Amino acid sequence: PGDATAIFRRVLEDQRALDGADTQRVRTAMVQLGVALGETGQLEEALKHLRDAVALEAQQNNADNEDRRSLVAALAGALGYARRAEEAQAQYDNMRLLVRPLSVDAPLSQVGRHVRYAQMLGFQGQSAAAIDMADGIARMMGDQHPVLRVEAWAVVAMSARLQREGDKAL
């Protein structure tokens, strides 16, 4: 990822020069750079690029769409890594409004977002809500998606441990 940041900086610079305006391609380059920066621990700069990409997407599109959901999820994740729990919680709340209710047929990316939201609730001290949400996800996933089921159960266990509810912790 360290080498990628230099490449993505150049890509963003070149894309802006080629397009002459903030286009969808420029937004994509912002996100790629933001993610690479986040993965190398340069969180402040990563957050700036991700926030800019979220704002640009909102300018470019009138309706909620998968791009918006993905960008908000990326920003929320980066805020979580930066230990800005309240800001991350606000983004997860925003993202939750953008996603449809979960069903067994929901895209895996949507289910993963809900698992991350449940985890954030646990970190915020809202363990009962985190446990309820994650437990529901784990039960709904059944044997279809064992990785997501395990991730959801891990949220239940973590939240239960935080609340010293050993009977619910794994």
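What share of the 170 residues of the protein count as buried? In this predicted model, the figure is 40%. As for contacts with a separation of 6 or more, 53% of them come from residues 24 or more positions apart.

| Helix | Residues | Some of its residues in the H7–H8 contact |
|---|---|---|
| H7 | residues 127–141 | Ser127, Ala130, Ile131 and Ala134, among others |
| H8 | residues 146–162 | Leu148, Arg149, Ala152 and Trp153, among others |

The axes of these two come within 8 Å and cross at roughly 155°. An angle over 145 degrees counts as roughly antiparallel, so that's what H7 is to H8. The crossing of H7 past H8 is left-handed.

Who's touching whom? Sorted by class, the contact of H7 with H8 has 13 nonpolar residues, plus two polar and three charged ones.

H8 itself is worth a look. Its 17 residues reach 24 Å from the first C-alpha to the last, close to the 24 Å expected at 1.5 Å a residue. Which residues in H8 are buried? They are Leu148, Ala152, Val155, Val156, Ala157, Ser159 and Ala160.

Technical notes: Residues numbered from 1 in each chain as written. Predicted model: local features only at pLDDT ≥ 70, side-chain atom pairs only at ≥ 80, totals over all residues. Heavy atoms only, no water. Axes fitted to C-alpha atoms, helices over the stretch in contact; angles between N-to-C directions. Helix = DSSP H or I, 4+ residues; strand = E, 2+ residues; numbered from the N terminus. Parallel < 35°, antiparallel > 145°, perpendicular 65-115°, else oblique. Left-handed = near helix turned anticlockwise from the far one by under 90°. Contact = heavy atoms within 4.5 Å. Nonpolar A, V, L, I, M, F, W, Y, C, P; charged D, E, K, R; others polar. Expected span 1.5 Å × (residues − 1). Buried < 20%, exposed > 50% of the residue type's maximum accessible area, 1.4 Å probe, protein only.
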